[in-house]
Each structure stands twice: as C-alpha cells, then as structure tokens.
Amino acid sequence: MRSRLEEKQRGTALGTRPAPLATDQLFNAGHAEAYWQQATRCVDLVRRKVAEVDRPFTGACPEELKEHFAGIDLDAPLGELRPALEELERVYLDDAVYFHHPRYVAHLNCPIVLPGILAEAILSPINSSLDTFDQSAGGTFIEQSLIDWTADRIGLGQDADGVFTSGGTQSNLMALMIARDHHGASLADHGGNKHEGLPADYRRLRILGSEVSHFSLQKSAAILGLGYQAVMPVACDAHYRMDPTALKARLEECLAMELIPIAVVATAGTTDFGSIDPLEEIAALCREHGIWLHVDAAYGGGLLCSPRYRHRLAGIEHADSVTIDYHKTFFQPVSCSAFLVRRRSDLRHVTHHADYLNPLCQAEAGTPDQVNKSLQTTKRFDALKLWLTLRIMGAEALGEMFERVIDLAGEAHAELARHPEVEVLLEPPMSTLVFRYRLAGLTEAELDELNAYVRSALSRRGEAVIAATRVGGRRYLKFTLLNPDTRLEDLTAIVERIVNHGRDWCEAQAPARAAAS
Ligand SMILES: *Cc1c(COP(=O)(O)O)cnc(C)c1O
C-alpha cells in the first residue's frame, strides 16, 4: 500500500489534483462553515471535560503517560478531526492538570475568566502579529491602551510606556537588560552596549534582590553576560520582606568594594510567601544612590484592581520599571504579561530598525510599531484577552476575586495555626500558605522525608495538587490560593488528608525507627 505522502507526490507528478489534504485545512472564506463546525466540536469536548473532571489530576506518573505515546506515528496523520480528538483525549485531556479545580492549590496558575478564553477564540484565527502596525492595525492600539491603563493604575506618570511579553521571566530580563544598558550609556568612554558590547567594568556590575526574589534574576544575569555572581542577595526580615537596613549595608559594601549596583529588584509578592518588599523605603534608597528600581509585581500586580488591598503596593509608583503578570492575578490564560517603564526613551535599548520591517523613517513618521519596544518579533495578540475582560467584567471584578483568595488565605491560616500537627510558617501576606506536617519526636531529616511523602501521596491519589518548597534548607508544603471558588472546607479536607498520610508514614517507619534507636 502506498503512503498518503506517496499518493500525494504521485498525484502531483501525474498533473492530477493531489489528494484532498493540505489546503482543505486552511482558514479562509471557503472554509468558514467547516471552521465553525469543527471549532464547535473542540469547544464541546472541553465543555464535556470540564463538566466531568472531579479531581485536579489523576496522579498519572511520567512513565504511565509516556506509554500513551509509544504507538503514535507523526508521519501517519489521522486525516480528520474526530479520531485526532479521541487520541488527544487519551494522551492529554484525561490526565491533564486542571487549574480550575478548587483543590488545585499548587503553583501560581489561576482559574481563567470566560472573556479571556473567548478572546483566544478570536485572536488565534485572526492571528495578528503585534510586532508592527502593518501586521496588527487596531490590535496595536488595543495593546497600547492596556499598557497605558496599567501604567496609570501603577502611577508611573505621563511618560510611561511598555509592551506585552510572554511572562514575568521575559519582563524581568528586559528590566535588567535595560538597567545594564542604562549604565552602559552613562559611561563617557563607551559607545553603549548595543554597539560595543559589555563595558570594561562589566564584572563589577551588581543586581540586588532579596534572598527570596525570583530565580529569573539569576537567569537574566547569566543571559546578560554578567553571570550569577552579579546577583547580590539582600537579607529579609522575619516576614520574608527585603530588609531596607540590609539593602543599605549592601549598597555601602558595593561602594567600599568598588562594585557598581545597576539595579535593585523589589518583589511585590514573592513566589513562595507572597511577601511584598517595603517599596517606599527601597525607592528612597534607590533615589539616594541613583540606582534603577525594578518592581517585580508578577504575583502582586492583581492588587492594582483591588479597592481593599491596593494600598499594599504603595510606593510602586516610584519604580523605573515594573513586571506585571496578567496570567497570574488577573485571571487570564497563559500567556499574558507586561513590562513597563517610567520613561519611554529607556526602551530604546531594545530597539533595532530593520529595513524590511520597522525602518527608522517609519518610527520618525510616528508609526506605532510595538517591535521597537520588544525582545520578540512575531508576537501574539495576548492583549486582547485583558481587553475583552475589562470591557465585559471591569477591573473591580478581577480585584474582588483576588481579594477573596487573600481573605481565604487568612482564614485558612487561622485554622492551620490551631492544628497541633501542623506548623505554619507565617501569616500570609497575600494568598500563599507555607506550612509543614509535624509530629513531635521526629528529627528534621525525618520531617523532610515525611513532608515529601505527603505531597506525592496527595498527588498520586488525585486528592489535591499542592506545592512544596524549602525554607532554611527544610522541606515545606505550600498552598497557592488563586481560585475564588476554593472554600475553606476544601483546604481543611486537604489538611485532613495530609495528616492521615503523615500518620501512615510514621506507622510504616515505626519499626525502622525503633530499631535505629
Ligand atoms: C511567576 C513569577 C515570575 C515569572 O513569571 P512567568 O510568567 O512565570 O515567567 C517572576 N517573578 C515572580 C515574583 C513570580 O512569581
């Protein structure tokens, strides 16, 4: 039997019409009806799935999932939608991790709002690329107005600007790149990093962030040619907020050692604890020393929409640049994120004019090409998701949902703090709860093992998906609360299971421990 590829090649060779394969699947006027019918089938599949999912995850392990892929030959297409969807259900949807489920409380993945999903249904088929105006037209103004709206909520002032990015990691990279190049541009004997590469003093450049800041600072430093060595951790207070006294000492240390601090990164919502660094005090120190202040508000950005908790971000308006992740606390589908600067001219460090795409004359004529401000060229129209969300629901509705999970974290903390077998690390500054299961008489090493066991037991049974982290070298468990549908009862039920698994572990270990002692 001939393969379909051979059939097709043969058909072409004979000058006959090739087998009905390729152009049938193009999105165009002729296929609008087919598009609609097939899209409906996909939507229907998702509708059925979301209605039947009764746990956040089946607990399938990588080895089990990998088996599904053994018989699949990517060079043997199924030819139509139905069997492809059936296969997809088996290899992906049946065992997907469902973030919308109330007992998914692991990472910073939010349940998403309908307007954001509906926007995906529009932005994918139209497929605008938000690099140049001539590929996006009105899309450019949608993205720009959301940047302006966000900058306005932050209070960055009239000269602010920014661009949508793929996530907080890219936004933080942009921030540190611009801070690095801002320093490069200030040197009398250097023609700027863009043209000449790193300046002679590059080994002395330092980036200061709290010891619990996001790992993308290290990654960025490495990418930017400065290395991990350039990231100077600043000590925190007991609430995991950057200690301004420690920052002051670090800055003085830099001066004494002839190091050059190019940026201070304040975190507004640390990934593990939700702690917000003291922005006002940090901003004052940055101003005094003339250092770039970047605020990483990837997690805490949602407070911009919260009437009750907006004040927790006080001081963010002093930032030179800000990271906001709409795909975390604005309940948007991945990806949806932004990078903002106080002075639009600072974005010139990422600008490059290509004759075929965004020539200088085009910029001079006032054409708003987003690519002039972006690390990316072809760029998704992610802004549409936030746009439709604001146009349908409004910002306060988003803020209200975030407030609910912040309040839930407070209630859950009170509950956990009373539990004799649970040690809670701190009162939640935002919506994460860090704790561990603890029984008297166990060593720290045993507690580490026990808590790791508890987490995998929960996930393996699909009872809940929770996160884990290390604090002071010890293993802790973490609830990241972003689902306004999660109830206190969901959390207490998870804790009950944690306790049961913990006790099981102790019982199973008892003979070994008795023998050892
Ligand atoms: C999530 C997070 C990031 C990274 O954002 P991505 O969108 O995952 O790339 C950066 N900083 C903080 C504080 C975060 O919580």
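Please keep in mind throughout that the model is predicted.

Let me begin with the ligand. There are 14 residues around the ligand, and those that come nearest are Thr-169, Asp-296, Asp-325, His-327 and Lys-328. In Asp-296, a polar side-chain atom lies 2.6 Å from a nitrogen atom of the ligand. Asp-325 has a side-chain N or O atom 2.7 Å from an oxygen atom of the ligand. For Lys-328, the distance between a side-chain N or O atom and an oxygen atom of the ligand is 3.0 Å. On its own, the ligand has 380 Å² of accessible area, and the protein covers 86% of that.

Which helices supply at least two residues each of the shell around the ligand? They are helix 7, residues 168-185, and helix 12, residues 326-329. Helix 7 provides the largest share of the shell, with three residues.

I turn now to the domains. The protein chain is divided into domain 1, spanning 129-393, and domain 2, spanning 396-516. Taken over C-alpha atoms, the centres of domain 1 and domain 2 are separated by 33 Å. Across the boundary, 28 residues of domain 1 are in contact with 21 residues of domain 2.

How is such an interface described in terms of area? The size of an interface is often given as the accessible area lost when the parts come together. In this structure, domain 1 and domain 2 bury about 2,200 Å² between them, and carbon and sulfur atoms account for 63% of that area. Within the area that domain 1 buries against domain 2, Asp-272, Phe-273 and Phe-331 supply 28%, more than any other three residues.

Finally, I would draw your attention to the backbone. As background, most residues other than glycine have a negative phi, and most peptide bonds are trans. Ser-335 belongs to the loop between helix 12 and strand 8, the latter comprising residues 337-341.

Ala-137 is placed in the loop between helix 5, residues 114-126, and helix 6, residues 138-154.

That concludes the presentation. Thank you for your attention.

Key
Residues numbered from 1 in each chain as written. Predicted model: local features only at pLDDT ≥ 70, side-chain atom pairs only at ≥ 80, totals over all residues. Heavy atoms only, no water. Near = heavy atom within 4 Å. Polar contact = N/O pair within 3.5 Å; in protein donor to acceptor, adjacent residues only side chain to side chain. Areas by Shrake-Rupley, 256 points an atom, 1.4 Å probe, with all protein chains shown as cover. Helix = DSSP H or I, 4+ residues; strand = E, 2+ residues; numbered from the N terminus. Domains from an automatic or database assignment. Contact = heavy atoms within 4.5 Å. Buried area = accessible area lost by both parts, 1.4 Å probe.
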